[in-house]
Amino acid sequence: PTHSFLMSFSSYDAAWLYGFTQTYKIIAPGTLDENKWNYAQWQEFWSTKDIKKRADLLTMYNTKEIYIYVNDTLKGVAQELFSKDPHIQIVNSHIWKYQFSPSL
């Protein structure tokens, strides 16, 4: 949906996403206004398989859902990290959707 948060898994894609979408709040490592994490928090997001840690990080954005864009190069990494998280579903080949739930 328009005006949703769209998180770029990589800062490399941030400018392209921002220019292409223009109606989404783009979150990307070290860039743009919506980024609320420091480098250590991004490192944790990129590496943790812990569902609770991921939820704690994403909660900082105070929204019901966050869409995550993953480019072709990082698809395998995203699959490895997100595939067992019941709060994340694949929307298409490049977009994952994180849906918050009250149980976390």
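A nonpolar core is a set of buried Ala, Val, Leu, Ile, Met, Phe, Trp, Tyr and Cys residues joined through side-chain atoms within 4.5 Å. Here, buried means under 20% relative accessible area, exposed means over 50%, and partly exposed lies in between (1.4 Å probe, protein chains only). The structure is a predicted model, in which local features need pLDDT of at least 70 and side-chain atom pairs count only at pLDDT 80 or more, while totals for chains, interfaces and linings use all residues. Residues are numbered from 1 along each chain as its sequence is written, and side-chain values use heavy atoms, with hydrogens and water left out.

In soluble globular proteins, nonpolar side chains tend to be buried together. The largest nonpolar core of this model holds 21 residues, and those touching the most other members are Met7, Trp37, Phe45, Leu58, Ile66, Ile68 and Phe82. At least two residues of this core come from each of strand S1 (5-8), helix H2 (39-47), helix H3 (51-59), strand S3 (65-69), helix H4 (75-82) and strand S5 (95-99). Helices (H or I, at least four residues) and strands (E, at least two) are DSSP runs, numbered from the N terminus. A second, separate core has six residues, including Leu6, Leu17, Tyr67 and Ile95. Not counting residues up to four places away in sequence, Trp37 is in contact (heavy atoms within 4.5 Å) with Met7, Trp42, Phe45, Leu57, Leu58, Met60 and Tyr61.

The helices come next. An α-helix has 3.6 residues a turn, so residues three or four places apart point the same way. In H4, the buried residues are Ala78, Leu81 and Phe82. These residues cover an arc of only 80° around the axis, which puts them on the same side of H4; the arc is that of the directions from the helix axis to the C-beta atoms. The buried residues of H4 pack against H2, H3, S3, strand S4 (88-90) and S5. H3 has Arg54, Ala55, Leu57 and Leu58 as its buried residues. Their arc around the axis is only 160°, which puts them on the same side of H3. The elements covering the buried residues of H3 include S1, H2, S3, H4, S4 and S5.

Just after H1, Gln22 takes a positive phi of about 60°.

On a 1 Å grid over the protein atoms alone, a pocket is an open set of points where a 1.4 Å probe fits, with protein on both sides within 12 Å along at least five of seven lines; lining residues have an atom within 4 Å of a point. The lining of the largest pocket consists of Pro1, Leu6, Trp16, Leu17, Phe20, Thr21, Tyr24, Tyr67, Tyr69 and Ile95. By type, the lining divides into nine nonpolar residues, one polar and no charged. For this count, Ala, Val, Leu, Ile, Met, Phe, Trp, Tyr, Cys and Pro are nonpolar, Asp, Glu, Lys and Arg are charged, and the others, Gly among them, are polar.

Some single residues complete the picture. Tyr69, in strand S3, is buried, with a relative accessible area of 12%. Leaving out residues up to four places away in sequence, Tyr69 touches Leu6, Met7, Ser8, Phe9, Asp13, Trp16, Leu17, His94 and Ile95. Ser10, in the loop between S1 and H1, is buried too, with a relative accessible area of 16%. Beyond its neighbours within four places in sequence, Ser10 is in contact with Pro29, Asn71 and Leu74. By contrast, Asn62 is exposed, with a relative accessible area of 72%, and is found in the loop between H3 and S3. The phi of Asn62 is near 50°, a positive value in a residue other than glycine.
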